[in-house]
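Hi,

Here is the structure I promised to pass on. Have a look at it first, and then read on for what turned up.

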Amino acid sequence: IRLTLTEKLYDISWPEKPYKLTVEAYNSYTGKTSFDMTIHWYFDGDLIATLVRKMVYVSATTGKPIDLPAEFTANNPGKSNIRFSLNKDVPVSAGETTLTVRPSDLDFNNHVGHPVYVDYLLDSAYHIKYQYLPSDLLSQRVHTIDIEYKYPVVLGRQLVVQSWDENGNQGDNQGLEVNFVMSQRGKLLGKELVCLGKFVLYDR
């Protein structure tokens, strides 16, 4: 998943509610076992945010990718437009927090959904060793949020979230890149790796 927030979003003088947002959603790519969904948000005609989400069709019994139904792949809109590289090489200086998945963290599929993963990462950023990092990343001018899911998480699982600043900034958040690795029982091997993430801030 990649969420990109434009600088226009932070320059808007939001009127009293209700106000009107325009949302455009479409299937931007269809492959053999996956497809991309792209969503644009507009305010007063200006693009303020874009979300690109890759969805993988998996077997309910094996948990492995399987071919999409033929009617879904009949019209292939082209190449996938979600491309990013996330770092799983955790430095020794990374901060670390642990947590246990609660019943309220689960979605209707009985596993942790995207909004809760974001909460986990934000909680980790609050507690990491780098005191100069913003305590609440989402109160900053966030440029992009990238999250790559590797393995589902269910009730009662013990998670370890490691986080660090990729650029090693000292005392400011100009161009700050906060990286995350989430794993089960702290191991980064095979199914133990849960997800990778990165928050990139605009220069202030």
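Asn-110 sits in the loop between strand 5 (95-100) and helix 3 (114-127). Helices and strands here are DSSP runs numbered from the N terminus (H or I with at least four residues for helices, E with at least two for strands). Although Asn-110 is not a glycine, its phi is positive, about 65°. With a relative accessible area of 54%, Asn-110 is exposed; the cut-offs are under 20% for buried, over 50% for exposed and partly exposed in between, with a 1.4 Å probe and protein chains only.

Before you dig in, two notes on the source. This is a predicted model, where local features need pLDDT of at least 70 and side-chain atom pairs count only at pLDDT 80 or more, while totals for chains, interfaces and linings use all residues. Numbering starts from 1 along each chain as its sequence is written, and side-chain values use heavy atoms, leaving out hydrogens and water.

Asp-44 is another non-glycine residue with a positive phi, about 55°. You'll find Asp-44 in the loop between strand 3 (34-43) and strand 4 (46-56). Asp-44 counts as exposed because its relative accessibility is 67%.

Now the overall fold. The protein has 3 helices and 9 strands, and from the N terminus on they run β-α-β-β-β-α-β-α-β-β-β-β. The 9 strands make an open sheet with antiparallel pairing, in the order 2-3-4-1-6-9-8-7-5 (two strands pair if DSSP finds at least two bridges between them). Strand 2 (21-30) and strand 5 are at the edges with a single partner strand each, so one side of each has no neighbour in the sheet. On average, neighbouring strands are turned by 15° against each other, direction ignored; the axes are lines fitted to C-alpha atoms, for helices over the stretch in contact, and angles run from 0 to 180 degrees between N-to-C directions.

Phe-180 has Gly-197 in strand 9 as its bridge partner.

Finally, some totals. The protein has 204 residues, of which 41% count as buried. Its accessible surface is about 12,000 Å², with 50% belonging to carbon and sulfur atoms (Shrake-Rupley, 1.4 Å probe; for residues, only the protein chains shown count as cover). Of the contacts (heavy atoms within 4.5 Å) between residues at least 6 apart in sequence, 65% join residues at least 24 apart.

Cheers
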